[in-house]
Amino acid sequence: TGPTTLGIVKEGIANGETVSQLYTKLPDYTQMFMGNIGGSLGEVSAIALIIGGMYMLYKKIITWHLPVSYLLSVFIFTGALYLINPEIYIDPLFHLLAGGLMLGAIYMATDMVTSPMTYMGMLVFGLGCGILTVLIRIFGAYPEGVSFAILIMNACVPLINRGFKPKRFGEVIKNG
């Protein structure tokens, strides 16, 4: 057993190490992508999670809107932080492959019961999850923030559904 990759980064930054010093302690991206690292369930093999997500897309169990907006918002937000100071903030590809982000974006956030009903609502939900995940990971006390971000955004789903109402079924109502 040992610390997860996000735990190593969080502890190292807290102890005053730079990101370039931490790279020697971290697995490379190929190991993270293939799952040759330690960690809890759902954070070890990005390729297996992506293959499962592609299968669910193929079977039309989920749509692309929520996972793509979630992953893209994490990538953009962490990329902006990385461009600001690469010695304090680790690069966006690391954030995509480390932790439970893939599991959360593909499987947890797309739960039909707790996710928004419309495509635009799903995009907003994914954006909110991504921003909250990065805020918790970078500025919070925990190294991981996926579960908390999804739970917080689940509380916002009724507001998102109210703001982006789905089309009504049935006869078209004409005014005039």
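In the predicted model, Glu-17 is partly exposed, with a relative accessible area of 22%. Its salt-bridge partner is Lys-25, and the closest N and O atoms of the pair lie 2.9 Å apart. Lys-25 is likewise partly exposed, at a relative accessible area of 46%. A search of the whole structure returns 2 salt bridges. Besides the pair formed by Lys-25 and Glu-17, a salt bridge links Glu-144 to Arg-137, with 3.0 Å between the closest N and O atoms. The two partners of this second pair fall into separate accessibility classes: Glu-144 is partly exposed, with a relative accessible area of 23%, whereas Arg-137 counts as buried at 4% relative accessibility.

The chain contains 9 helices and 0 strands, and its pattern along the sequence reads α-α-α-α-α-α-α-α-α. The C-alpha trace spans about 70 × 30 × 25 Å along its principal axes. Of the 176 residues in the chain, 40% are buried. Among contacts with a separation of 6 or more, 68% are made by residues 24 or more positions apart. The chain exposes about 10,400 Å², of which carbon and sulfur atoms supply 68%.

The largest nonpolar core comprises 38 residues, and within this set Tyr-70, Phe-94, Leu-101 and Phe-125 touch the most other members. Two or more core residues come from each of α1 (5-14), α2 (19-22), α4 (46-58), α5 (65-84), α6 (92-97), α7 (101-108), α8 (119-139) and α9 (146-163). The greatest contribution to this core is that of α9, which gives 6 residues. With residues up to four places away in sequence left out of the count, Phe-94 touches Thr-5, Leu-6, Val-9, Leu-26, Tyr-29 and Met-32.

Helix α7 also supplies a set of buried residues, namely Leu-101, Met-102, Gly-104, Ala-105 and Ile-106. Their cover includes α4, α5, α6, α8 and α9. One of these residues, Ile-106, is in contact with Met-56, which also touches Ile-61, Ile-62 and Tyr-107 when residues up to four places away in sequence are not counted. Met-56 is located in helix α4 and counts as buried, at 15% relative accessibility. Although 51 residues separate Met-56 from Tyr-107 in sequence, their C-alpha atoms are 9.4 Å apart in space.

Beyond its neighbours within four places in sequence, Thr-78 is in contact with Ile-90, Pro-92, His-95 and Val-134.

On the surface, a nonpolar patch is formed by Met-54, Leu-57, Trp-64, Val-68, Leu-72, Phe-75 and Ile-76, which together have about 670 Å² of accessible area. At least two residues of the nonpolar patch are supplied by each of α4 and α5. Trp-64, in turn, lies in the loop between α4 and α5. This tryptophan, Trp-64, has a relative accessibility of 45% and counts as partly exposed, because that value falls between the limits of 20% and 50%.

The structure holds 0 disulfides. The sulfur of Cys-129 has its closest cysteine sulfur in Cys-156, at a distance of 9.1 Å, which is too far for a bond. Cys-156 accordingly takes part in no disulfide, the nearest cysteine sulfur being that of Cys-129. For a disulfide, the two sulfur atoms would have to lie within 2.5 Å. The two cysteines also fall into separate accessibility classes: Cys-129 is buried, with a relative accessible area of 0%, whereas Cys-156 counts as partly exposed at 27% relative accessibility.

Key
Residues numbered from 1 in each chain as written. Predicted model: local features only at pLDDT ≥ 70, side-chain atom pairs only at ≥ 80, totals over all residues. Heavy atoms only, no water. Core = buried A, V, L, I, M, F, W, Y, C linked by side-chain atoms within 4.5 Å. Buried < 20%, exposed > 50% of the residue type's maximum accessible area, 1.4 Å probe, protein only. Helix = DSSP H or I, 4+ residues; strand = E, 2+ residues; numbered from the N terminus. Contact = heavy atoms within 4.5 Å. Patch = residues over 30% accessible without salt bridge, like charges linked within 9 Å, V, L, I, M, F, W, Y side chains within 5 Å. Areas by Shrake-Rupley, 256 points an atom, 1.4 Å probe, with all protein chains shown as cover. Salt bridge = Lys/Arg side-chain N within 4 Å of Asp/Glu carboxyl O.
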